[in-house]
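Student: I'd like to learn how to read the disulfides in a model like this one. Could you walk me through it?

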Amino acid sequence: METYCYDPLDPNGNITVTFDIFKYNNDGYVARVSIRNYHQYRHVERPGWKLGWWWAREEVILAISGGVATKQGECKASTDEKPHCCSPDPEVVDLAPDATTDSRTDGCCHDGVLAAWAIDPPMSYSSFEITVGNLDQNRTGYLAPLNLTLTAPGPGYTCGPVREAPPTVSSVVGGRREEQVFRTWKSECTYSSYLSSKTPVCCVSLSTFYSPDITPCPSCSCGCRIADQSANSCISEGAIPSNIPEAELVKCTDHMCPLRIHWHIKNNYVTHWKVKLTVSNYHYGRNYSNWNVVVQHPGLGRSLAALGFNSTMLPTTGVPEDAALLWGKAFYNTMLLQADEYEVGSVTTDLLLQKDANSFTLSNGWGFPRRIYFNGENCQMPLPDAYPRLPNGGPGRRRGLFLLITLLYFTCTMCLGC
């Protein structure tokens, strides 16, 4: 299972949860709980993260700011004021951006959304504060929470044990002084695509300017249509019935993927070449906010201009190809809209790439990506033998024809001399 958690393009990617005790009370403590997304290109979108754990003893959450427990639980009538949560296994979610001032804290109130670290580091962080009670005054005996769980927003994350860590140090007074908390507990949560979904969520199709052939997504890339036409495994165009589970709100296609990424080699210039990249949403019930795409290709390293998207290059130590991270521009195309009965939702851009004279070629499928990821999920690629090919008059064919004629010439010459 660990192989599904390791991402060669983001080997250190994880979500780190930290409990910082910065104040003690008579029967407990006040802690700041922070959630930091260290994934380069995997973000947390709405409805956002949900953090849960089990208390080691009989702790209760007396008060909370910057978040809210999803259930109060059964509280004993031993105090004048009812605690915020008495459940032995609380779950906390983020507040909305319009939360009142008295319920907020620094780093809160983003609806549970965490940006990817390489795209927007300040927005990759969230936090809330909890006042914990129902403990004694033996502060050295306070125990870290157990069995941490994180949904972001669905399954896929597995959190390690919450362990003691060096106390967190922060700068105050404009950086002139350092202060540290009393105690710090930490846990790292790693992501597994296999735990999140048993089938892929996206696929890739290919085309070029030099060939009329279009290589579609592989059939059944994300599942196959049910043979029984009366069964609702997908929705035919122009017919969107009601009361269908969201998982089945996908347009009927041969690939059955909610998302398709199309790579079209558009132009071949003297010093550059151009690709049109289109992301299509075949899901009738879901918009994708703050989406991103990662492309692996050996020709991205020299110069890349994404005319309709933001872009940056990712570090690729130990990976043979270059990798580019692409995402939408604010107030323009950060939202990939859902399909409707008339058309699919889509975002598109032209990519202008500088040629490397030592490696660039249109032969043997070199111009097509090695891998493409959508929101961190690996998309199904067509098999290489299905890629569009150069026409008979292309440079690769002409070179092969020349070699064949040369070989036949020398063979005939040798035979005549025998």
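**Reading the disulfides**

Student: How exposed is C75?

Tutor: Some ground rules to begin with. This is a predicted model, where local features need pLDDT of at least 70, side-chain atom pairs count only at pLDDT 80 or more, and totals for chains, interfaces and linings use all residues. Residues are numbered from 1 along each chain as its sequence is written, and side-chain values use heavy atoms, with hydrogens and water left out. Buried means under 20% relative accessible area, exposed over 50%, and partly exposed in between (1.4 Å probe, protein chains only). C75 comes out at 22%, so it counts as partly exposed.

Student: Which cysteine does C75 pair with?

Tutor: A disulfide is a pair of cysteine sulfur atoms within 2.5 Å. C75 is joined to C86, S to S 2.0 Å. The torsion about that S-S bond is about 105°, so the C75 and C86 disulfide is right-handed. C86, at 14% relative accessible area, is buried.

Student: What about C222 and C257, right-handed or left-handed?

Tutor: Right-handed, at 85° about the S-S bond. C85, on the other hand, is in no disulfide: the nearest cysteine sulfur, that of C86, is 6.7 Å away. C85 has 0% relative accessibility, so it counts as buried.
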